[in-house]
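Please open the structure in your viewer and keep the selection tool at hand.

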Amino acid sequence: MNKWDDNRAWLLVLPVFVIVAFSAIIPLMTVVNYSVQDIFGPGQRVFVGTEWYQEVLFDRRLREALWRQFLFSGLALLFEMPLGVLIALAMPKRGPGVSVTLVLLALPLLIPWNVIGTIWIIFTRPDIGLLGATVNGLGILFDHTSSPLDAWITVVAMEVWHWTPLVALLAYAGLRAIPEAYFQAARIDGASAWDVFRFIQLPKLRGVLTISLLLRFMDSFLIYAEPFVLTGGGPGNATTFLSIYLVKLAVGQFDLGPAAAFSIIYFLIILLFSWLFYQALQNVGTGDKR
Amino acid sequence: MIIRKRTVGLILYLAILLLPIYWMLNMSLRSNADIMGVFSLYPTDPNFDNYIKIFTDASWYSGYINSIIYVSLNTVISLSVALPAAYAFSRYRFLGDKHMFFWLLTNRMAPPAVFLLPFFQLYSTIGLIDTYLAVALAHTLFNVPLAVWILEGFMSGVPREIDETAYIDGYGFPRFFVTVFLPLIRSGVGVTAFFCFMFSWVELLLARTLTTTDAKPIAAIMTRTVSATGLDWGLLAAAGMLTIVPGALVIYFVRNYMAKGFAMGRV
């Protein structure tokens, strides 16, 4: 769509800029400030340049946490995106089923994150939890407090359980917005269900899938409360994700410098990947578009 | 036949989705000793003690009131600043528009842990600590960008001819926006309101940092169920069940809007 050229549009954006910048810029600059200084106490600080950055970049445990984080976010997206779209495709288009499905889907999203972790502790307990007792009852030994693999399965299952509804809600609303005429045309052409999905529904979902992918990537990369409450980062360090390690570092040390440098690097990684995803999704498949 | 299979799959999925929530409900109706002692598929001796405690203890129920106040405040602020901005992004090309649009989203990308201290200092300096406004303002950091992104999608779906016709008919921008344009994107506003409500409702770190007593959110009060004797799981589960209720009401009210064309322009 052609847009009007008019710099006065800035006036409409200004309130957003002011309100977001107010909470964004000063804290960001303060953290950048921490990250280049050694702070001994109030008024006693020394400029140390990139020392903290170097320290953080050569931290082996941080790099391990980073790979774990990539694996976790990768798995989360791998399950949540296709599953969310499938659910959206299966959801009823009209009738009382619509309200019921929408409200039920929203329920996991509305529970505070620390509570989700707590409920899953009991839910997965082998002795008194529904999931833990069922799985162990089937003869499969399952205990996320001792086996790293089980811990991973539990944390990923919790993430997929918690957040797939977000993708499904967005994809469902996107599907509802496709004009009926497209499907009639497809029927006349004798298109198969797969063709309809591949050439009509999927391209039309580009926008909502872009925002769901970005949201899920950012939030899963920053995940803290749920896995921390459930596993505490263990067993060992098996589920110590990047933010769990960051908090360990920030709380365990008197000096905020290294943790601040860590935060800035963390932020830049998310920024880089979000931007790559955004660019890729803007351009992918535009060749097919009519 | 295909539709049958899909429906069965959907029902199966929803059943699995509800299992942890059912377990929470089950826990909320049992005493702590009962939960820790025996495995039971349903409460054998259901009682509402946990709920009664929450509804009669002011330190508990005030948490819900606090959360509802700052979440509503945040939703109103986020929507009112995001609406004109989303219109600008969907209709105009202006200096730095694309950069500005992506910059907004970058505000959701910072790991909160180290940012909490500067946030606390910033809001202390302006004297807003422990007020609803502080939490509502801090939450705009992640809700305003989301609101702008979602609303821009809806607005881009409205043909520009509508704007042009209205301006030719002599509408000024404010009147056109409120009486013509907003009704057209009602659905977008409803959906955006739900997402703002949801993300502000479940956010804990900022809300806890910026409040001490008067505006303390329910999610922070729930961490108090940890005591010397361990966690009171039943009480926590009951509180968890109650945190679902306000949001479920919100989505119930916007459900029709969600079913009718969400993100019209972005699809």
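A residue is called buried if 20 or more other C-beta atoms lie within 10 Å of its own, exposed if 12 or fewer do, and partly exposed in between, with C-beta atoms placed from the backbone. The model is predicted, so local features need pLDDT of at least 70 and side-chain atom pairs count only at pLDDT 80 or more, while totals for chains, interfaces and linings use all residues. Residues are numbered from 1 along each chain as its sequence is written, and chains are lettered from A and ligands numbered from 1 in the order in which they are written.

**Stop 1: chain A as a whole**

Select chain A. Of its 290 residues, 42% count as buried. The C-alpha atoms of chain A fill a box of roughly 75 × 65 × 30 Å, taken along the principal axes. Colour by secondary structure to find 13 helices and three strands in chain A; helices (H or I, at least four residues) and strands (E, at least two) are DSSP runs, numbered from the N terminus.

**Stop 2: two packed helices**

Select helix H3 (residues 60-90) and helix H10 (residues 206-221) of chain A. Two packed helices are described by the angle between their axes and the distance between the axes. Here the angle is about 145 degrees and the axes are 9 Å apart. Axes are lines fitted to C-alpha atoms, for helices over the stretch in contact, and angles run from 0 to 180 degrees between N-to-C directions.

Which residues of H3(A) and H10(A) meet? Among them are Phe72(A), Ala76(A) and Leu77(A) from H3(A), and Leu213(A), Arg216(A) and Phe217(A) from H10(A). Two residues are in contact if their C-beta atoms, placed from the backbone, lie within 7 Å. By class, this contact of H3(A) with H10(A) has seven nonpolar, five polar and two charged residues. Ala, Val, Leu, Ile, Met, Phe, Trp, Tyr, Cys and Pro count as nonpolar, Asp, Glu, Lys and Arg as charged, and the others, Gly among them, as polar.

**Stop 3: Gly74(A)**

Stay in helix H3 of chain A and select Gly74(A). Is Gly74(A) buried or exposed? Gly74(A) is exposed, because 12 other C-beta atoms lie within 10 Å.

**Stop 4: helix H12 of chain A**

Select residues 242-252 of chain A, which form helix H12. Its buried residues include Leu242(A), Ile244(A), Tyr245(A) and Leu249(A). The buried residues of H12(A) pack against H3, helix H11 (225-231) and helix H13 (257-283) of chain A, together with helix H6 (112-125) of chain B.

**Stop 5: where the chains meet**

Show chain A and chain B together. The contact takes 78 residues from chain A and 83 residues from chain B. Helix H1 (residues 10-35) of chain A gives the largest share of the chain A side, 13 residues. That side has 60 nonpolar, twelve polar and six charged residues.

Next, select strand E1 (residues 4-5) of chain A and strand E1 (residues 92-93) of chain B, which pair in the parallel sense over two bridges. Strands pair if DSSP finds at least two bridges between them. Trp4(A) has Tyr92(B) as its bridge partner in E1(B).

**Stop 6: the domains of chain B**

Finally, colour domain 1 (1-47) and domain 2 (56-259) of chain B; such bounds come from an automatic or database domain assignment. Their C-alpha centres lie 30 Å apart. The contact takes eight residues from domain 1 of chain B and seven residues from domain 2 of chain B.
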